Amino acid sequence: EIVTDLTPLAQKKQITLHQECEDIHIIGSDALIYRMLFNLVENAIKYNQPGGSVQITISRSNGKAILRVADTGCGIPDEYRTSIFEPFFRVDKSRSREMGGAGLGLALVREIAALHGGTVQDEPAEGAGTVFTVALPM
Ligand code: ATP
Ligand code: MG
C-alpha cells in the first residue's frame with residue numbers, strides 16, 4: 001500500500017522502489033505502522049538523487065520483525081545520527097520550498113516504534129546512502 005501510494009512521488013523524482021517483504025504478522029495499529037513506514041520511505045525518496053533507488057525489506061530475525069528502508073541518497077553525517085530523531089530537526093536548516101517538511105517525520109517514527117515496544121536506528125551506511133531499521137516484537 002505504501003509503495004503504491006508513494007510511486008507518484010518516486011516517479012517524479014526518478015527513483016525506483018523495490019520491495020522484498022516476508023508475510024509477517026505484528027500486533028499494533030494499522031494507521032500508525034502505515035505512518036511509520038510511509039515517513040521512512042518518503043524520506044528515502046525525498047533525500048535521494050535522480051536515478052536512485054529505495055529498497056524496502058521486511059523480514060524476521062531473533063523473534064522480531066525487521067523493517068528496513070535503504071536508499072542511495074545523500075546519506076546522514078555521523079554527527080547527526082541521533083539528532084535527526086528530535087522533533088523539528090533537519091540537517092538542511094533552510095527548509096527550502098523544494099524539500100518542504102517540518103522535521104517531524106522521524107520523531108514520529110521513533111514514537112510509533114516505541115509505542116509498539118520496538119526501536120528504530122539509522123545504521124552507519126556502507127558507502128553512499130542511508131539505512132533505517134525498525135525492530136518490532138512479534
Ligand atoms: P517531515 O518528515 O516532517 O515532512 P523532514 O523530512 O525534514 O520533514 P524528518 O523526516 O524528521 O523531517 O527528517 C529529519 C531530517 O533528517 C531531514 O530534514 C533530513 O535532513 C534528514 N534525513 C531523513 N531521512 C533521510 C534520508 N533517508 N537521507 C538523508 N537525510 C535524511
Ligand atoms: Mg520526513
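Which hand does the crossing of H2 and H3 have? In this predicted model, the crossing of H2 and H3 is left-handed.

Helix H2 runs over residues 30-46 and contains 17 residues. From its first C-alpha to its last, H2 reaches 24 Å, close to the 24 Å expected at 1.5 Å a residue. Its list of buried residues begins with Ile33, Met36, Leu37, Phe38, Asn39 and Leu40, and continues with Val41, Asn43, Ala44, Ile45 and Lys46. These buried residues pack against two other helices, H1 (2-12) and H3 (105-115). They also pack against the strands E1 (16-21), E2 (53-61), E3 (64-71) and E5 (131-137).

Two packed helices are described by the angle between their axes and the distance between the axes. For H2 and H3, the angle is about 145° and the axes lie 9 Å apart. On the H2 side, the residues that take part are Leu32, Ile33, Arg35, Met36, Asn39, Leu40 and Asn43. They meet Gly105, Leu106, Leu108, Val109, Ile112, Ala113 and Leu115 of H3. Sorted by class, the residues of this contact comprise 10 nonpolar, three polar and one charged.

Asn39, one of the H2 residues in that contact, deserves a visit of its own. With a relative accessible area of 5%, Asn39 is buried, because buried means under 20%. Apart from neighbours within four places in sequence, Asn39 is in contact with Gly105, Leu108 and Val109.

The packing of H2 with H1 can be described in the same terms. Here the helices pack at an angle of about 25°, and their axes are 10 Å apart. Since angles under 35 degrees count as roughly parallel, H1 is roughly parallel to H2. The crossing of H1 and H2 is right-handed. H1 contributes Ile2, Asp5, Leu6, Leu9 and Ala10 to the contact, while H2 contributes Tyr34, Leu37, Phe38, Val41, Glu42 and Ile45. This contact of H1 with H2 has nine nonpolar residues, no polar ones and two charged ones.

Attention now turns to strand E3, which holds Ala70. Is Ala70 buried or exposed? At 14% relative accessibility, Ala70 counts as buried. Not counting residues up to four places away in sequence, Ala70 touches Ser53, Val54 and Gln55, as well as Thr130 and Val131. Ala70 and Asp122 are 52 residues apart in sequence, and their C-alpha atoms are 9.9 Å apart in space.

The loops bring a further feature of the backbone into view. Most residues other than glycine have a negative phi. Asn62, in the loop between E2 and E3, has a positive phi of about 50° although it is not a glycine. Asn62 counts as exposed, at 78% relative accessibility. Phe88 lies in the loop between E3 and H3, and its phi is near 70°, again a positive value in a residue other than glycine. With a relative accessible area of 53%, Phe88 is exposed, because exposed means over 50%.

How values were computed: Residues are numbered from 1 along each chain as its sequence is written. Chains are lettered from A and ligands numbered from 1 in the order in which they are written. This is a predicted model: local features need pLDDT of at least 70, side-chain atom pairs count only at pLDDT 80 or more; totals for chains, interfaces and linings use all residues. Side-chain values use heavy atoms; hydrogens and water are left out. Helices (H or I, at least four residues) and strands (E, at least two) are DSSP runs, numbered from the N terminus. The expected span of a helix is 1.5 Å times one less than its number of residues. Buried means under 20% relative accessible area, exposed over 50%, partly exposed in between (1.4 Å probe, protein chains only). Contact means heavy atoms within 4.5 Å. Axes are lines fitted to C-alpha atoms, for helices over the stretch in contact, and angles run from 0 to 180 degrees between N-to-C directions. A crossing is left-handed if the near helix is turned anticlockwise from the far one by less than a right angle, and right-handed if clockwise. Ala, Val, Leu, Ile, Met, Phe, Trp, Tyr, Cys and Pro count as nonpolar, Asp, Glu, Lys and Arg as charged, and the others, Gly among them, as polar. Angles under 35 degrees count as roughly parallel, over 145 as roughly antiparallel, 65 to 115 as roughly perpendicular and the rest as oblique.
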